[in-house]
Every structure is written in C-alpha cells, then in structure tokens.
Amino acid sequence: MLELGSLIESNDGWRLPAGEAGGNGGDGDATHYDVAVIGGGPAGLSAALYTARAGLRTIVLDKSPYAGALGLTDKIENYPGVPGPVRGVDLLKTMRDQALSFGAVYIQETVLSADGRTTPKEIITASRTIRAERLIVATGSLGRVASLPGEERLLGRGVSYCATCDGAFFTGQPVAVVGENEEAVEEALFLTRFARKVHFIVKGHTVRASAELTAELREHPRVTWHERTRVKEILGDTRVEGIRILPSGGSEEILPVKGVFVYLQGNRPILDFFQGDVPELTPEGYVKVNEEMETSFPGVFAVGDLTGKRVRQAVLAAADGVLAALAVERQLRGREKIRAAW
Amino acid sequence: MRPTVTIYTTPTCPHCQAAKRYLKERGVPFRDVDVSRDRRAAMEMVRKSGQMGVPVLDIGGRIVIGFDRARINGLLGFH
C-alpha cells in the first residue's frame, strides 16, 4: 500500500521559503506554520490529519469542540468505519487525536482576523499571531446574521456578542444572555463578575457545554435560568431597556435588562474573521471553490459546510478536507499534479 | 507623520488584545485606555463612538469600532 509517507521520503530537501524561518520578529508572539486550519470539525481535522502526516507543520485553531454541526450532534451511526452510536464530540475527539498523533498542533482559540490575500497568511487570535503558507478554512455554516427584533438596531447600545469585551459596561446592572452553546455558558459566567443579575435564556432545556460548566452556571446565585424560552424582541429606544421573552406554555414577559449578549447559531457560512474581505461566494452565499477546494484567494482553501453542499454530512466534509490537504501539499512541494496517494 | 493612536479597551477583551498586538507588531505607538477602570474615559469613548463596545480606536480623530484590520491599515497608511 502506497502511503503519503513515501512522498515525504521523496521530498527530503523541502524547506520553508527562504527568509521565513526567522520571521517571528524576535518577540516570540508569532509562529510560522506550513498550514493553518481554522475549524476543528470533520473537514478541518481531516485536512490536518493529511497535511501533518505529509510532514507539513500544521496548526488547527478551533473555537470549541462543541461549536460545530458535528459537535452538537448527539448520535452518529453512519460514519463509515466507526460503528455507532457515537456522540459527535466523541467522534471529533477520535479525529483530533488521530491528527495530533501525526504532529498537528491543536489550539482551542477563536480566530478574530485572517488575511487571505497575503502570503504567508496572517491569522490572529486573542493571544497569538500565526503565519502560515496555506490556509484551510473549515468553519462550517452555523453562522448567523442579526435576526432578533431590535438586535441590529441596538448593537453597541446594549446588545453585544462579547461579554469579555463589554461586560464591564454593565457593572451592577441586570443583563440577559441568549444562547445554548459553550460560548454562551462561559460568557454568562464571566458576566456574573459584573452584572447584578444574569438571565440565561435557552430555547430548549439544555445547553451544549460540559456538565461542570453548566452546573456552575445553573447554581450561580446571580443567574436565573429560563429554559424552553424564546426571545421575542430586544426593547429600547437608544439603549437596551429590556427583553421580551415567551416561555413555552407560558405568557410573554419583559425582563428589565440593560444588556443583551447573543450567542445563537444560524445556517450561514462563518467567515467573519475575514473582516469583510472574503473570497468569492456562490450566488447562494457559500464559498466558491475549484475542484481542489481552493478559493478565489490563492492559497486559501474552503472545505466542508462552508462550500454549501446539497447534503451536509460529516463524511463529505472530511473528504473535502483531504482534497484540500493534498492540494496544499502539492503546492508547497512544488509539484504540478496531486500524486495519487492511498 | 503618523496620527496619534488611542485604543479604548477592557483587560479581558480578546479583540482588544488582538488589536493592541497588531499595532505593536507594526511598531505603532498608542495610548491604551482601560475603560473598565476609568469611568470618564468610558464616557469619552461612548461619546466619540456612539456605542458601548470595545475595542474602539481613535486614529488621529477618526474612530474605528472593533478590531477592523482594513480600516486600521487604511488610516495608518498600511497595505
């Protein structure tokens, strides 16, 4: 069986482009990789598995293992080779461990900015700047646009998406957190440091976060937990003055909050870190890619749900990641064609 | 001459840390104002930007809301 390992042997002389090895500016906060992958779902982890195994220095930046479409799936029985049922987060852990076993670096951090036009690509999180020769974007399609009545109008006027940024503005005030993911739970806990009262509003009856974190939030004396509750409107003229909610089977009520922190999911591609300078999109708003998964930005690849498949399946996302990885490997090693590797 | 840069931040804000590091890496001197400790500065920031979210950058009197790389580059003459 021919494995990618034979490609490594035939490319022993391969090095990073001249001048890049010492490109950390001497302050230690920049790190150079061959491949940076944004997103730790099946697409991103499969890409990382292949590039790491091909000997390319690979880093995966993942907001949260619980954040993506697979991470929030409870039961998977049809991922080939993995007899189920298995939880999405457990399947992801298997994938992550496999990529890590070949030397990929995994960091749980949110990417705040990525410049797709330059090479090396510059990727910025809160704590580090990473430069990578190639960028594989695998952030999925659970993004959203402001859609709650009042949300967009009051953004920056009490509506925020970042409690760690703006929590201090609400010292001693009542606030609401809307969401059901790990980020929502963490941010709500953070807000308890400042806010007099934190109303946590969940559409269902549970959140997708670790049991410890969830228990800490639910038991916090300044947190009121509103489950099976929908947000009808964020109220206020020039500032947030309240939030109108509808508990399941109950009647509408208004919580007199001064801040509303929103962490909801939608079904739009997550591309916010490009800060408006995004690669070409399809008419449907997904990322346009060629057959090697490369976007209109040379050296930037998009894989998985970002590309707007007709069916959203983990195995298809994983296959995308592999295609991108092989193309990246070919580009960085200067070959014209992808070598058959199996 | 480069414009004077002030950045309004809170200590725990990820976008603030990223924005400050972005400026530092490009050798841009700036004044860092922690609005969580300085109420007057917080009011000043709200007045300048019309909103209550950080980071806010004041680059020679032009206001940038959030860590907006393209706008920062534009106002500082970077490409």
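Which residues of β14(A) are buried on one side, and which on the other? The points below take that strand first, then its surroundings. The model is predicted.

1. **The covered strand.** On one side of β14(A), the buried residues are A:G259, A:F261 and A:Y263.

2. **Partners of β14(A).** Strand β7 of chain A, residues 159-160, runs parallel to β14(A) and is joined to it by two bridges. In that pairing A:V159 stands opposite A:V260. Strand β8 of chain A, residues 174-179, also runs parallel to β14(A), here with five bridges. A:V178 faces A:V262 across that pairing.

3. **Helix α3(A): span and burial.** The helix has 14 residues. From first C-alpha to last it reaches 20 Å, close to the 20 Å expected at 1.5 Å a residue. Its buried residues are A:G88, A:L91, A:L92, A:M95, A:R96 and A:A99. They lie on the same side of α3(A) because they cover an arc of only 140° around the axis. Note that an arginine, A:R96, is on the buried list.

4. What covers the buried residues? The cover includes α2 (42-53), β2 and β3 (105-107) of chain A. The face turned away from the buried side carries the exposed residues A:D97 and A:S101. Just after the helix, A:G103 has a positive phi of about 105°.

5. **Cis peptide bonds.** Most peptide bonds are trans. Two bonds to proline deserve a look here. In chain A, the bond from A:G84 to A:P85 is cis, with omega near -5°. A:P85 sits in the loop between β2 (58-61) and α3 (88-101) of chain A. In chain B, the bond from B:V54 to B:P55 is cis, with omega near 0°. B:P55 belongs to the loop between α2 (39-49) and β3 (56-59) of chain B.

6. Most residues other than glycine have a negative phi. A:R228 has a positive phi of about 45° although it is not a glycine. The loop that holds A:R228 runs between β10 (223-226) and β11 (229-235) of chain A. A:M293 is another case, with phi near 70°. Its place is the loop between β14 and β15 (300-302) of chain A.

7. **Buried or partly exposed?** A:M293 has 29 C-beta neighbours inside 10 Å, so A:M293 counts as buried. The cut-off for buried is 20 or more.

8. **The open sheet.** Three strands of chain A form an open sheet in the order β11-β12-β13, with antiparallel pairing. β11 and β13 (253-255) are the edge strands, and each pairs on one side only. Neighbouring strands are turned by 30° against each other on average, direction ignored. Six bridges join β11(A) to β12(A), residues 242-247. Within that pairing, A:R230 stands opposite A:L246.

9. **The contact between chains.** How many residues does each chain give? Chain B gives 21 residues and chain A gives 24 residues. On the side of chain B that touches chain A, α1 (14-25) and α3 (69-76) of chain B are the elements that give two or more residues. The largest share, eight residues, comes from α1(B). By type, that side of chain B divides into ten nonpolar, seven polar and four charged residues.

10. **Chain A overall.** Chain A has seven helices and 15 strands. Of its 342 residues, 46% are buried. Among contacts between residues at least 6 apart in sequence, 62% join residues at least 24 apart.

How values were computed: Residues are numbered from 1 along each chain as its sequence is written. Chains are lettered from A and ligands numbered from 1 in the order in which they are written. This is a predicted model: local features need pLDDT of at least 70, side-chain atom pairs count only at pLDDT 80 or more; totals for chains, interfaces and linings use all residues. Two residues are in contact if their C-beta atoms, placed from the backbone, lie within 7 Å. Helices (H or I, at least four residues) and strands (E, at least two) are DSSP runs, numbered from the N terminus. Ala, Val, Leu, Ile, Met, Phe, Trp, Tyr, Cys and Pro count as nonpolar, Asp, Glu, Lys and Arg as charged, and the others, Gly among them, as polar. A residue is buried if 20 or more other C-beta atoms lie within 10 Å of its own, exposed if 12 or fewer, and partly exposed in between; C-beta atoms are placed from the backbone. Two strands pair if DSSP finds at least two bridges between them. The expected span of a helix is 1.5 Å times one less than its number of residues. The arc is that of the directions from the helix axis to the C-beta atoms. Axes are lines fitted to C-alpha atoms, for helices over the stretch in contact, and angles run from 0 to 180 degrees between N-to-C directions.
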